[in-house]
Amino acid sequence: MDILLEFWEFLKERKKFWLLPILLMLAMVIGLAIFGSTAGGLSPFIYALF
């Protein structure tokens with residue numbers, strides 16, 4: 001959690017709030033890819049999103 005707090009302080013100090021949506025979407029896509037590769041029954045539905 002220290003990393004997230006430190007990253008939030010960086011965003012506030014440097015006024016780089018535009019990085020937050022990019023990183024959130026990147027994390028969601030990575031999470032979806034990991035979930036899609038491990039969940040065998042849900043793979044066709046996840047692949048339909050892309």
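Biologist: Why does Phe-7 count as partly exposed?
Modeller: Its relative accessibility is 27%. Buried means under 20% relative accessible area, exposed means over 50%, and partly exposed lies in between (1.4 Å probe, protein chains only). So Phe-7, at 27%, is partly exposed.

Biologist: What kind of model is this?
Modeller: This is a predicted model, where local features need pLDDT of at least 70, side-chain atom pairs count only at pLDDT 80 or more, and totals for chains, interfaces and linings use all residues. Residues are numbered from 1 along each chain as its sequence is written, and side-chain values use heavy atoms, leaving out hydrogens and water.

Biologist: How many aromatic pairs does the structure hold?
Modeller: It holds 2. Phe-7 and Phe-10 form one that is stacked.

Biologist: What makes the pair of Phe-7 and Phe-10 stacked?
Modeller: The ring centres are 6.4 Å apart, with 25° between the planes. Rings of Phe, Tyr and Trp (its six-membered ring) pair if their centres lie within 6.5 Å; planes under 30 degrees apart count as stacked, over 60 as edge-to-face, and the rest as tilted. Therefore this pair is stacked.

Biologist: How are Phe-7 and Phe-10 placed in helix α1?
Modeller: They are 3 residues apart, so about one helical turn separates them. Helices (H or I, at least four residues) and strands (E, at least two) are DSSP runs, numbered from the N terminus.

Biologist: Why is the pair of Trp-8 and Phe-17 called tilted?
Modeller: The planes are 55° apart and the centres 5.9 Å apart. That angle is neither stacked nor edge-to-face, so the pair is tilted.

Biologist: How do you know whether Lys-15 is buried or exposed?
Modeller: Its relative accessibility is 61%, so Lys-15 counts as exposed. Lys-15 is in the loop between α1 (2-14) and α2 (19-38). Its phi is positive, about 60°, although it is not a glycine.

Biologist: Which residues does Leu-20 contact, leaving aside neighbours within four places in sequence?
Modeller: Phe-7, Trp-8 and Leu-11. Contact means heavy atoms within 4.5 Å. Leu-20 is in helix α2. Leu-20 and Phe-7 are 13 residues apart in sequence and 9.7 Å apart in space, C-alpha to C-alpha.

Biologist: Why is Ile-30 called partly exposed?
Modeller: Its relative accessible area is 45%, so Ile-30 falls in the partly exposed range. Ile-30 is in helix α2.
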